[in-house]
Each structure stands twice: as C-alpha cells, then as structure tokens.
Amino acid sequence: MQQRRLSGRRPLLLAVGAGVTAAALAAGMTSAFAATIFSDDFTDGDTSGWSKSGGTWAVDGSGVLNQSNAGSELARQFAGQTSWTNYSVQARVRPASFGSSSALVGLAARSSSSTKMYRLALLGSGRAELQAVNGSSVTAIGSASLGVGTGTWYTLRIETSGSTIRGFVNGTQIASGSNSLVGAGRIGLVTAYASGGFDDVLVDSSGGGTPTTPPPTTTPPPTTPPPTTTPPPAGWPTPTASQKVDATIPVSGTFDGGLKRYYGIGDGGQSESQDPMFELAAGATLRNVIIGAPAGDGVHCEGSCTLINVWWEDVGEDAATFRGGTTYTVDGGGARSASDKVFQHNGSGTVYIKNFRVENAGKLYRACGNCSTSYQRHVVIDNVIVRNTDAIAGINTNWGDTARFTRITIVGDPDRETSICVKYKGVPKGSEPTEIGEGADGVNCLYSPSDITYQ
C-alpha cells in the first residue's frame, strides 16, 4: 500500500447539514492530526494503495474518488492494515444518488474483512447512523437526523478506542457507544445502492491510543528455518475441474480446492486495483488450488496466512499480496507468466517461500518500496526452482529489509542473468523507489555461492 503526501492538498470543503451549527463545525475543524499515519487526497489521479471490492470506481479530473454504480449492493475501497486498533479516520463524503431510504454512502473503520466493520453511513432517509456491521447483521450504535442531501459534501469521522466507538458529522458527535464486534482492522469507503464521491482521507492516532503501525526497526534479521526435505514440485498439475468466479471468494479458516481451477476475475493484465480471486482473513489457509486466467489480483492476505500447494497458471496483476499480519507462508505450488512480480509484501513481518517453482516472471518477491508505512520487511526463500525470471527478490535496504536464500536452483541461465537479491531505496508514497545495487552483502542480502545452483 502506498501513501500520498499532503503537499498541495486542496482545502477541506466542509458543509453544514441540518442540525449542525456553524460553531460546532468550527470546533470540529480544530481537531489536530498530530500523528497522521495515512492520508490520500487522490490528486495523483489513481487509487494506488486501495483495495476495491465491488462497484465502479474512478478518480475524476478534480481529484475526487467517485463510485458511480448506484445499483451495486456493496461497493467498497479499503486501505491501511488489519492490525490497526485505536485510531480515527476522517474523509469528505458527497452523496450523489440514493436508490432507497436505506441506501447509504459512508466511511468505515476497523474493517477486519469486507463484511465486518464499523460504519458511519449517510442514509437516503436523511439520517446519519453509526453502525456495527457483521455480514447482513447491522446494529445501530446511534444516529441523528441531519437532512442529508445529494450533491453536498459532509465530513465524516469515526473514532475508535478500545470498545468505545464515536461518529462525527461536520465536527459534531452524532453517536457514541460501547461495542466489541471487532477490535482491529482497515479503513474503508463504502456505498450500498447509492453513488457518491470521496476525498481528503486522513487516519490519525487520536482515537485514544496508538495504532499498531510501528516505524522501521532494527530488529535482527529472522533466522532461516531448518531446511525441509520436500522437493519443489516437478511439474504443473492437471486441474480436477474448472470453475468461473464472478466475485471475490472470502476465506476464513481453511479452504481446500481439491486442485480445481478457479478463473474469471479482472482482465488478465497489470491494471491496478483489480479485485482478488481469494481474500484470506487473518489466520486463514488456502490449499490445493489452481488459479487460472484471468485472476485479477490473485490472493489477498489481510493478516497472517498460509498458502499450500497453490498454483498460478498466468499471473495477472500479482499472484498474492501480503497486506497485514506478521507471518506469511507459501509452501509448495508455483507461478508463471508474471510480467512484474509474483508476491507483493505490503504489510510488516516475514514471508516464507519454500518448495516452490517460478517461471517467466519479473520478480518472485518484492517488498513494497513506496507504501504508506515504511515497515521493515523480511523474506526467507528456501528450496525454490527458478526459470526465466529477472530477479528472485527485491528489498529496501534503507528500511532494514532482509532476504535470505538457501537451496535455490536456477534453470537455463548460462550467462547468470537472473539477479538473486536486488536492493532499492524505499521512498514515501507517491514517489518511485530507486535501485541501488544487488548481490550478497552479509547484512540485507544473505546467501553464499553454495546456496545457488545453476542447471
């Protein structure tokens, strides 16, 4: 996930709804963002760093993110980390149309999955309601009649501190209550049977505590786990069946696909913000799955996750993106035809890739070099077969990233053109990281000549 800086950001345009006084609005504007951990005003014209689920989203020429499909039952854009706990999120929201009195345009906090969150909704009935959402079950924490109308900007803010949840509209608190539905999660922009615009998103730590978003650390690199004796797969499996998928498949617990091929999301290209084929909740396991083409953005791990014997026949945007959590394991399987990278590491922690094969790819692994949070990230790659791939791993040495390699077999590369470990200088969101070198150094890129075999 990437983060845009606030330089050149347009002034906040706050609108006073019925029942909200100018004095209260002015008071709300004094709220300080002393510990901003995420911001986006969409002035760069894209939704990089956001994860779409449903709806039709686009940034217009004025730098406003719009969701234009008023017939969409649930349209959402998510950002941030599933580990965020006590924080406040604020955004300007402009309803454009409501399909019914219960249709909504709003803001979400602590989204632990695409259907579990706290939501501050502007309703077609004219009310604003703070809600605890758990799938189809919606509990109102509190509400207020504001005479909400279309075409007007409203500044929404949700504050979370422990079990206390508060909702504000234009600086005035409209609801507050105690609710323990979900303790941590991402932020979200949401509509349901409505269309609307969103702008000037800010997340800060004034909700009553510090979000669990650590700065770069100097923690010693992770140690390599004991080598396994399981060889990488010798070839690509034959699917037991094929299933076309029209919407992201959510996974909690374990999903065993029985080596069925799943395909049908996205356009098969590198366009940003495609929906994933599978979205794994924290602690979930995906196993024995073949992902065909098109596959959108592959697999999203919203927390620590495990991928066992998962195969990507034709990687589109990415094979898998590791977004939250601390430990991610890829054991067995393979990926091919990735014009850019196979595994994208946006969250913190360590990715373990073992007993895997990669073919015709740009990079097997890339630690995000311009995400909103400059985590220190690690990867441990063991017992992997590499063919026709530009680089095995790319890391950001200025943030303390490390990459460890053991039992790497590179096939068909007599001129040694495959880079083992490429070093970058990580940069803030909105900029592009620069390559600053490659090769073993005993500090960030950790391997010896005996760890690499050429065939």
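Colleague: What makes Trp-312, Phe-322, Tyr-328, Phe-343 and Phe-356 a cluster?

Modeller: Ring pairs link Trp-312, Phe-322, Tyr-328, Phe-343 and Phe-356 together. Two rings of Phe, Tyr or Trp (its six-membered ring) pair if their centres lie within 6.5 Å; planes under 30 degrees apart are stacked, over 60 edge-to-face, and the rest tilted. By this rule the count comes to 14 aromatic pairs.

Colleague: Why is the pair of Phe-38 and Trp-50 called edge-to-face?

Modeller: The centres of Phe-38 and Trp-50 are 5.7 Å apart, and the angle between the planes is 75°. The distance limit is 6.5 Å and the angle has to be over 60, so both tests are passed. Phe-38 belongs to strand β1 (residues 36–40) and Trp-50 to the loop between β1 and β2 (51–53), so the pair ties together parts 12 residues apart in sequence. Strands here are DSSP runs of E with at least two residues, and helices are runs of H or I with at least four, numbered from the N terminus.

Colleague: Before we go on, what should I keep in mind about the model?

Modeller: This is a predicted model: local features need pLDDT of at least 70, side-chain atom pairs count only at pLDDT 80 or more, and totals for chains, interfaces and linings use all residues. Residues are numbered from 1 along each chain as its sequence is written, and side-chain values use heavy atoms, with hydrogens and water left out.

Colleague: Thanks! Why is the pair of Tyr-262 and Phe-278 edge-to-face?

Modeller: The ring centres of Tyr-262 and Phe-278 are 5.4 Å apart and their planes are at 75°, so this pair is edge-to-face. Tyr-262 is in strand β18 (residues 254–263) and Phe-278 in strand β19 (residues 278–280), 16 residues apart.

Colleague: How do you know whether Tyr-262 is buried or exposed?

Modeller: Buried means under 20% relative accessible area, exposed over 50%, and partly exposed in between, with a 1.4 Å probe and protein chains only. Tyr-262 has 5%, so Tyr-262 is buried. Phe-278 has 0%, so Phe-278 is buried too.

Colleague: What else does Phe-278 touch?

Modeller: Contact means heavy atoms within 4.5 Å. Leaving out residues up to four places away in sequence, Phe-278 touches several residues, including Ile-249, Val-251, Phe-255, Tyr-262, Leu-286 and His-300.

Colleague: And what makes something a nonpolar core?

Modeller: A nonpolar core is a set of buried Ala, Val, Leu, Ile, Met, Phe, Trp, Tyr and Cys residues joined through side-chain atoms within 4.5 Å. The largest one has 52 residues, and Phe-278, Leu-307, Trp-312, Phe-343 and Ile-353 have the most contacts inside it. Strand β26 (residues 349–367) gives the largest share of this core, eight residues. Apart from it lies another core of 42 residues, among them Val-59, Leu-65, Leu-130 and Val-203.

Colleague: How do you know that the charged end of Arg-366 sits over the ring of Tyr-424?

Modeller: The rule asks for NZ of Lys or CZ of Arg within 6 Å of the ring centre and within 35 degrees of the ring normal. The charged end of Arg-366 is 3.9 Å from the centre of the Tyr-424 ring. Likewise, Arg-92 lies over the face of Trp-153, at 4.1 Å from the ring centre.

Colleague: Why is the link of Cys-368 and Cys-371 called a disulfide, and why right-handed?

Modeller: A disulfide is a pair of cysteine sulfur atoms within 2.5 Å. The sulfurs of Cys-368 and Cys-371 are 2.1 Å apart, so they pass. Their torsion about the S-S bond is about 105°, so the disulfide is right-handed. Cys-368, at 3% relative accessible area, is buried.

Colleague: How many disulfides are there in the whole structure?

Modeller: A search finds three. Another joins Cys-301 to Cys-305, with S to S 2.0 Å; with 90° about the S-S bond, that link is right-handed. Cys-421 is joined to Cys-445, also by a disulfide, with S to S 2.0 Å, and with -65° about the S-S bond this link is left-handed. Cys-421 lies in strand β29 (residues 419–425) and Cys-445 in strand β31 (residues 445–446), so the pair ties together parts 24 residues apart in sequence.
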